[in-house]
Amino acid sequence: MADHLDLHTVGDLLHHYPRRYAERGELTRLSDLPLDEHVTVVAQVADARVHTFNGGRGRRLEVTITDGSGRLQLVFFGKGVHKPRTELQPGTRAMFAGKVSVFNRKRQLAHPEFKALGEGSGAETVEAFANQLLPLYPACKQMESWQIQQAIDTVLGPAGHEEAALAGLVDPLPDGLREGRGLATLPEALRKIHRPVTKADIAMARDRLKWDEAFVLQVALARRRRADAQLPAAPRKPAPDGLLTAFDARLPFTLTEGQRRVSEEIFADLATDHPMHRLLQGEVGSGKTMVALRAMLGVVDAGGQAAMLAPTEVLAQQHHRSITEMMGELASWGLWREAPAREGGDGEREGGAEQGTKVVLLTGSMGAAARRQALLDLVTGEAGIVIGTHALIEDKVQFHDLGLVVVDEQHRFGVEQRDALRSKGKQPPHLLVMTATPIPRTVAMTVFGDLETSVLDQLPAGRSPIASHVVPAKDKPHFLSRAWERVREEVAAGHQAYVVCPRIGDEGGDEGEEPKGAARPSPEDEAEKRPPLAVVDIAEQLTKGPLSDLRVEVLHGRMQPEAKDEVMRRFAAGEVDVLVATTVIEVGVNVPNATAMVIMDADRFGVSQLHQLRGRVGRGSAAGLCLLVTDMPEGSPARARLGAVAATLDGFELSRIDLEQRREGDVLGQAQSGVRSSLRVLAVIDDEEVIAAAREEAAEIVAADPELAGYPELRTALDALLDKDREEFLDKG
């Protein structure tokens with residue numbers, strides 16, 4: 001149990017709450033049984049017979065029961081035959097609970113629960129059995145739900161005597177807060193969540209336990225915000241008529257109202273003497289990079305340096321390319337010609353604007369000479385802006401005066417990495433975190449509760465609409481043929497296309513390949529059991545088949561960085577018609593001429609990921625097209641999810657759908673493991689009011705008593721939730 005469900009102590013067990021409750025339901029007459037519903041009946045056994053099949057290897061017990069109003073068949077198979085065969089003799093009166101189904105045009109209950117009624121069993125016994133709420137726990141193959149229930153029953157002791165077992169619990173909620181909000185005590189909540197008598201008991205218990213989770217988490221975040229606010233930082237105010245002014249003057253377009261507003265928020269933060277901690281979220285293509293670049297230029301104007309951290313080399317190179325293009329001659333000051341005099345000599349400098357700055361790239365795959373020069377430019381301060389991958393974090397990378405760190409797609413970085421980069425400043429640099437994944441307000445409060453949030457919700461002028469359609473390849477193969485025709489039409493019109501696959505190729509832990517689930521004989525299972533489609537295979541099929549006369553190239557994470565960059569460069573230059581890729585193109589790749597995207601096995605991707613991928617097309621003046629190819633049958637949850645993606649371009653709406661459809665544990669992003677494991681009953685979408693109220697209460701308590709000296713129980717709960725590693729984990733910068 002400890003290993004498989006992460007339950008190590010009695011406390012862990014008590015906080016392993018039921019996922020849902022089975023209701024045996026009101027007593028039903030046999031003549032009134034509704035199909036496909038869970039029912040409870042009281043009846044007498046009229047007949048019981050064992051049938052064998054498969055040459056005597058299989059056994060089936062059929063029991064006929066009657067209550068005077070009608071007859072019903074019960075059926076038991078295999079090992080499930082033994083107990084009922086012994087206990088359900090003709091003449092036995094019992095209660096039966098199960099789901100009504102039809103077999104051979106007769107209604108039946110398969111493997112129902114039952115309880116024999118003795119001579120003295122009155123109406124009370126029947127009612128107690130019929131209306132009991134049965135807790136069903138998150139379980140695993142090694143530990144069934146009923147075994148978990150037995151363990152919890154052992155801890156709680158006999159019914160009515162739970163108080164003794166729960167007496168020593170530490171209650172994290174201050175009494176005043178609990179009483180003021182009319183919440184149950186912790187022992188009462190735990191008793192009612194595990195042994196509810198009524199549905200009201202469950203609601204009362206969940207209300208209380210949600211508060212525990214929301215409140216303790218918000219206290220941790222409030223303390224982190226307070227600690228950050230007390231750190232010193234150098235104010236970074238752009239010089240008048242400096243680099244930022246020169247950059248704005250050469251922009252060929254005007255900033256959107258959203259970009260201006262967010263920039264003002266950022267510059268106000270940069271001007272203060274404690275570090276900015278800001279989350280910038282905006283749809284793909286909303287112009288986040290432009291906002292981040294202006295912030296970086298402002299810091300360079302103020303005499304500091306700015307670093308942008310990207311999750312992949314492809315993205316770092318892309319950012320470097322787009323930022324130097326946006327800056328034009330302002331980025332060329334100090335750029336060396338191909339063969340500079342490295343040692344002692346001056347080398348020739350390219351001409352450029354006086355107030356420009358050097359923009360350097362630093363990645364793990366750079367050659368030794370280029371890397372040495374980049375490191376030198378950073379330590380001397382010659383480079384005002386550096387863009388790189390985690391290579392920026394290495395010990396030997398030193399800055400002259402690091403003033404701002406911009407982290408792109410923050411959920412791909414561990415906190416330790418961000419901390420390492422921040423520690424390179426003479427004092428803590430300002431921090432701007434960017435994400436293209438729209439995050440509902442409640443999630444932002446839960447996961448990024450120590451960051452101020454800015455949202456870019458307008459797309460810049462010139463962005464084109466994207467039409468999205470689901471292509472049911474298995475149900476309607478001709479739809480897939482039509483998809484490839486559409487790709488050819490786009491290429492014929494002078495455009496380009498992406499084909500995205502879940503994995504690369506040859507077996508053995510490919511990126512994106514999912515573990516195989518337990519077998520379930522359904523069309524969905526058949527589609528799921530097939531290995532995810534691979535880039536290498538699909539590219540070969542397309543070049544030999546429907547796209548045979550087009551220029552098709554592959555791009556995936558296992559290629560050498562130089563090879564990846566070369567393919568991307570050729571695609572961006574229009575020398576490749578169709579790029580068959582993994583999700584390596586999900587973030588940041590910008591090719592305005594790419595108008596079509598075909599996503600193979602689209603059901604293998606999450607809603608937000610599909611939205612991210614789709615944002616790679618329609619980036620120019622021509623409309624975008626995104627085709628979501630799936631083998632999943634109509635009516636399946638996977639098809640419904642794809643339908644939702646096709647139906648809206650609103651990322652915030654899709655992120656809500658994503659959260660509602662996934663387990664709560666997955667919601668908080670791969671990087672938030674410390675937070676994630678703590679949420680058991682709190683639903684970040686549904687419990688917005690609880691989270692917002694808990695945030696307010698937490699802020700008040702931390703402001704009045706930062707060390708929680710007056711709240712020892714809360715301090716204990718905080719230590720339990722956030723051992724040192726987890727507390728560090730909550731530091732989003």
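Which strands does helix H19 (residues 535–544) lie across? Helix H19 lies across E17, E18 and strand E19 (578–581). Its direction makes an angle of about 150 degrees with E19. Keep that helix in view as we walk through the rest of this predicted model.

## The whole chain

Let's begin with the overall picture. The protein chain contains 28 helices and 21 strands. It has 733 residues, and 51% of them count as buried. Now take the contacts in the chain with a separation of 6 or more: 74% of these are between residues 24 or more positions apart.

In general, strands of a sheet pair through backbone hydrogen bonds, either parallel or antiparallel. This open sheet has 6 strands in the order E16-E21-E20-E17-E19-E18, and the pairing is parallel. At its edges are strand E16 (466–472) and strand E18 (552–555), each of which pairs on one side only. On average, and ignoring direction, neighbouring strands of this sheet are turned by 20 degrees against each other.

Let's look at one pair in the sheet. Strand E17 (residues 496–500) and strand E20 (residues 594–599) are joined in the parallel sense by 5 bridges. If you find Val500, you can trace its bridge partner in E20, which is Ile599.

A further helix to find is H21 (residues 607–614), which lies across E16, E17, E20 and strand E21 (624–630). Helix H21 runs at about 150 degrees to E20.

## A buried strand

Now move to strand E10 (residues 305–309).

With strand E13 (residues 402–408) it pairs in the parallel sense over 5 bridges, and Ala306 has Leu404 of E13 as its bridge partner. With strand E12 (residues 383–388), E10 runs parallel and is joined by 4 bridges. There, Met308 has Ile387 of E12 as its bridge partner.

## Two helix pairs

Two packed helices are described by the angle between their axes and the distance between the axes. Here are two pairs to compare on screen.

| Helix pair | Angle between axes | Distance between axes |
|---|---|---|
| H13 (residues 313–327) and H20 (residues 561–572) | roughly 50 degrees | within 10 Å |
| H21 and H22 (residues 637–647) | about 35 degrees | 10 Å |

The crossing of H13 and H20 is right-handed. On the H13 side, the contact is made by Glu313, Val314, Gln317 and Arg321, and on the H20 side by Pro561, Lys564, Asp565 and Met568. Sorted by class, the contact of H13 with H20 has 3 nonpolar, 1 polar and 4 charged residues.

In the other pair, H21 passes H22 in a right-handed crossing. Val607, Leu610 and Arg614 of H21 meet Arg641, Leu642, Val645 and Ala646 of H22. By class, the contact of H21 with H22 has 5 nonpolar, no polar and 2 charged residues.

## Residues to look up

Most residues other than glycine have a negative phi. Asn54 is not a glycine, yet it has a positive phi of about 55 degrees. You can find Asn54 in the loop between strand E2 (38–53) and strand E3 (58–66). Is Asn54 buried or exposed? Asn54 is exposed, because its relative accessible area of 53% is over 50%.

Asp241 also has a positive phi, near 55 degrees. Asp241 is placed in the loop between helix H9 (199–229) and helix H10 (243–249). With 65% relative accessibility, Asp241 counts as exposed.

Ala483, found in helix H17 (residues 477–492), has 1% relative accessibility and therefore counts as buried. The C-alpha atoms of Ala483 and Ala473 are 9.9 Å apart, and the two residues are 10 residues apart along the chain.

Terms used
Residues numbered from 1 in each chain as written. Predicted model: local features only at pLDDT ≥ 70, side-chain atom pairs only at ≥ 80, totals over all residues. Heavy atoms only, no water. Pairing = 2+ DSSP bridges. Helix = DSSP H or I, 4+ residues; strand = E, 2+ residues; numbered from the N terminus. Axes fitted to C-alpha atoms, helices over the stretch in contact; angles between N-to-C directions. Contact = heavy atoms within 4.5 Å. Left-handed = near helix turned anticlockwise from the far one by under 90°. Nonpolar A, V, L, I, M, F, W, Y, C, P; charged D, E, K, R; others polar. Buried < 20%, exposed > 50% of the residue type's maximum accessible area, 1.4 Å probe, protein only.
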